[in-house]
Amino acid sequence: MKKILVMFIIVVGLVLMAVLYPLDWSSYNNEKLVQIIIYLAAFAVGLAAITAIILSYVSNAQRKKIKWLETKLEVWNNTSYHVKKAGDVAFNELPVGIVLCDDQLEIKWANQYAKQIFQSKLMERPLQSIHTELYNQVKDNVNNIMVTIYDKTYDVMYRKEDSLLYFFDVTEREKIKNKYKERTTALGIIYLDNMEQSLAELDVQQRSELRGRYLGEISDWITNAGGYLKSYSDERSIIVLDYGQLQNMIKSRFDILNRIREISEENELRVTASMGIACWDVKYEELGTYAQNAIELAEKRGGDQVVVNIQDEKIQYFGAKTNALEKSSKVLVRVMAQTLAEHIEKAGNIIIMGHTNTDTDSYGGALVLLKICQSIRNDVRVVIDRSKCDKTVQKLLDLTAKEHVALTKYFVTPKEALDLMDDNTLLIVVDTQSPKIVMNADVLKKAKKLAVIDHHRRGEVTYEDPIFNYVEPYASSSTELVTEMIPFINRKIEISAFEATLMLAGIIVDTNNFTFRTGSRTFDVASQLKEYGADMIKAKTFLREAIERRKEIAEIETQAEILFEKYAVVRIKEAQTMDRVLLAQVADRLLEIDGVSASFAIGQLEENLVGISARSYEGVNVQIIMEEMGGGGHLNASAAQLQNASVDDAYKQLYSILEKEELQEGEESMKIILKEEVKGKGKKDDVVEVADGYANFLIGQGKAIAATADNLKKLKEDKEKEAEEAAHQLQVLNKLKDEINNKPVNVYIKIGDDGKLFGSVTTKQIAEEFEKAYGIHIDKRKIEFQTDINSLGIYEAEVKLHKDIEAKIEVHVVEKKD
């Protein structure tokens, strides 16, 4: 601060000198020269002083900076030591595994903790030989990896640029996460399908008993699983459980469905169970919505199954071993018919469309809808793309164009349909719930109003917000569904004999000649079509095959192989005319082989498209199998198409699924010894085989023990001992029988004025009198009368000493004298 003041004074002095004593440059002499020299000297001294002061400031700043740098250097030297020390500790003492690999993923160095993790020296060993899963992920350049090594879990951070792997033990964290997940709430809704209709013809007592059996079976199942059950009607219940309990149910593959089915079969009823279960870490209201969606999906897929929706997992399906139950009431048909008629009336115009590779049922269903719409209005058209119809439908289209030209004027191409459509057009899609396989995706995309009518079980992919949705899996065909609507819309709808025959052909194809999914309502519709003039013989002629096709199918059958002793599979590498119809026909024929429960025909439909047709009898759900391959359909008839795959690729995928099905049916079971009666499984000391999860639950509850060799040996010894004791007991009881058999006993009782017994003869009286007379005690509960005792006389009573030992005694009822 002083230096700045001095510099300021110098500057002020020089300025004052210049102002007070200015130089006069007009004249020049010696005096002026001296004055100039003084001025220059003063300015030079001032500038020198100022420069010196500035330089001193710069020098001082440099000294401070140097001092600061020296201080920093000293601190850095000290820090470097500690950093190095910390690095040494991290490398060698902290619980962090560090592994260094070369470009070939061979381990070149590892710290001590990493060696402890793998219990190996690790050095100069390929990572692949140490841990295959870790190697594969590192090879794929995955940066954050989780692996299990022995009984611990590790997060692994991979730094490719340094070829370093860091291992962090997260076992406890994962245990906590798993424990939390195990306790995640699961909410389920249970429906007893068709119960009210099935029990309607029974009397009140029978209905009550059967309802009790169904609900009791479900209650026992939930109680054994550790869950909570609350019924809110005779047919509907809510269950609450957690993720862990749900997993045990999944392991047992929801065997409650079989138990409900067994009760129904025993009583000749058509009652099944359906469930929708959701397990999500969300608010209860949202969880309830997921559960409701799941049960609706189970019902739309035909019932007798469980739909499980677990967060971040693919929806799982269980059961569905039987066809959907046919509904005897036609109330729903009437309601749906009237609703559809209202939508038809309000629409601007109507477009009807089936699915790609249109079959006879899709074509027949579309024709019925055409006739229904024509009874209400005339601006209706059916989308027909000949290139997307199967050979049979192409033949029917040719026949229609030749002999029934009036019908063809209502057929339009997809392009013509698009030109006819506006925001008020109603598009009716028939015979498919999947937007992936409609005849034309552009027509579907343009439709603002959509109605869906189908008989297939619902899959995961379906239409968004249709204004009308009529899906009934019990129906044999879409033709059946829409034909049922006719009487409720307009009984005077005119259908020609040719049209009725085409419609009947659709039912014949989808039921395989009235074999699959055929109920009483199917025959009702067939009868209705017969009244319109449908000709069964003519329908069969529509569906006849050429001799070349018959020979081709017979040749393909010889190439079939049997997998797992019950699946018939054929790979069709070459065929004269490869199409979906051929695949379906081959699958149908393969199912006729003795011992075959399901059949699959695989063929190359197009260059990059493989088709699979599947058929089955009850017991195998081919719909679920085909859904895993991206397809769908019915319990007994389904199909799938695989893009960019070969026939062999499709075969390998199918084989893998079938193998998994076999393992799920066979591997998840365990033999146990029951320590007490378990309803539906067995009595005390029974050796039973149940699902692993259920077995572990019973063991944990103390209701069973594992059927090990030692436990089975002890059980055998205990049973032998019990048998010896039972034999000894029988000897004792037989001896007792000899002692009491046919012995008389007098029982005294008062007689009223009217000659009737005053009171009644009891088993207690008989036992007491017998003991008085013979000194032998008889349990009063063992004594039974053959007839009522209502007067004096001799009566016979039975003494049930054992289920196989019975004695008789004579009871003499005599008057008691006062």
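Predicted model: local features only at pLDDT ≥ 70, side-chain atom pairs only at ≥ 80, totals over all residues.
**Reading strand pairing and helix packing**

Mentor: Strand β22 (residues 632–633) is joined to β23 by 2 bridges, and the two strands run antiparallel.

Trainee: Which residue stands opposite G632 in β23?

Mentor: A639 in β23 is the residue opposite G632.

Trainee: How many residues does the hairpin from β22 to β23 pass through?

Mentor: The hairpin joins β22 to β23 through 3 residues. Strand β23 (residues 637–643) also pairs with strand β21 (residues 609–616), in the antiparallel sense and over 7 bridges. Within that pairing, R615 has A637 of β23 as its bridge partner.

Trainee: How should I read a sheet, and where do the side chains of a regular strand point?

Mentor: In general, the side chains of a regular strand alternate between the two faces of the sheet. For the case here, take the open sheet of 4 strands, whose order is β27-β30-β29-β28 and whose pairing is mixed.

Trainee: Which are the edge strands?

Mentor: They are β27 (744–749) and β28 (783–785), each of which pairs on one side only. From one strand to the next, the twist averages 35 degrees. I783 stands opposite V799 in β29.

Trainee: Which strands does helix α27 lie across?

Mentor: Helix α27 (residues 709–740) lies across β29 and β30 (805–815), and runs at about 30 degrees to β30. Helix α28 (residues 763–774) packs on the sheet as well, touching β27, β28 and β30, and its direction makes about 125 degrees with that of β27.

Trainee: What describes two packed helices?

Mentor: The description consists of the angle between the helix axes and the distance between those axes. In this structure, helix α13 (residues 360–374) packs with helix α19 (residues 497–511) at an angle of about 140 degrees, their axes being 7 Å apart. α13 is therefore oblique to α19.

Trainee: Is the crossing of α13 past α19 left-handed or right-handed?

Mentor: α13 passes α19 in a left-handed crossing.

Trainee: Which residues in α13 and α19 meet?

Mentor: On the α13 side, T360, D361, Y363, G364, L367, V368 and K371 take part. In α19 they meet E499, L502, M503, A505, G506, V509 and D510. Sorted by class, this contact of α13 with α19 has 7 nonpolar, 3 polar and 4 charged residues.

How values were computed:
Residues numbered from 1 in each chain as written. Heavy atoms only, no water. Axes fitted to C-alpha atoms, helices over the stretch in contact; angles between N-to-C directions. Parallel < 35°, antiparallel > 145°, perpendicular 65-115°, else oblique. Left-handed = near helix turned anticlockwise from the far one by under 90°. Contact = heavy atoms within 4.5 Å. Nonpolar A, V, L, I, M, F, W, Y, C, P; charged D, E, K, R; others polar. Pairing = 2+ DSSP bridges.
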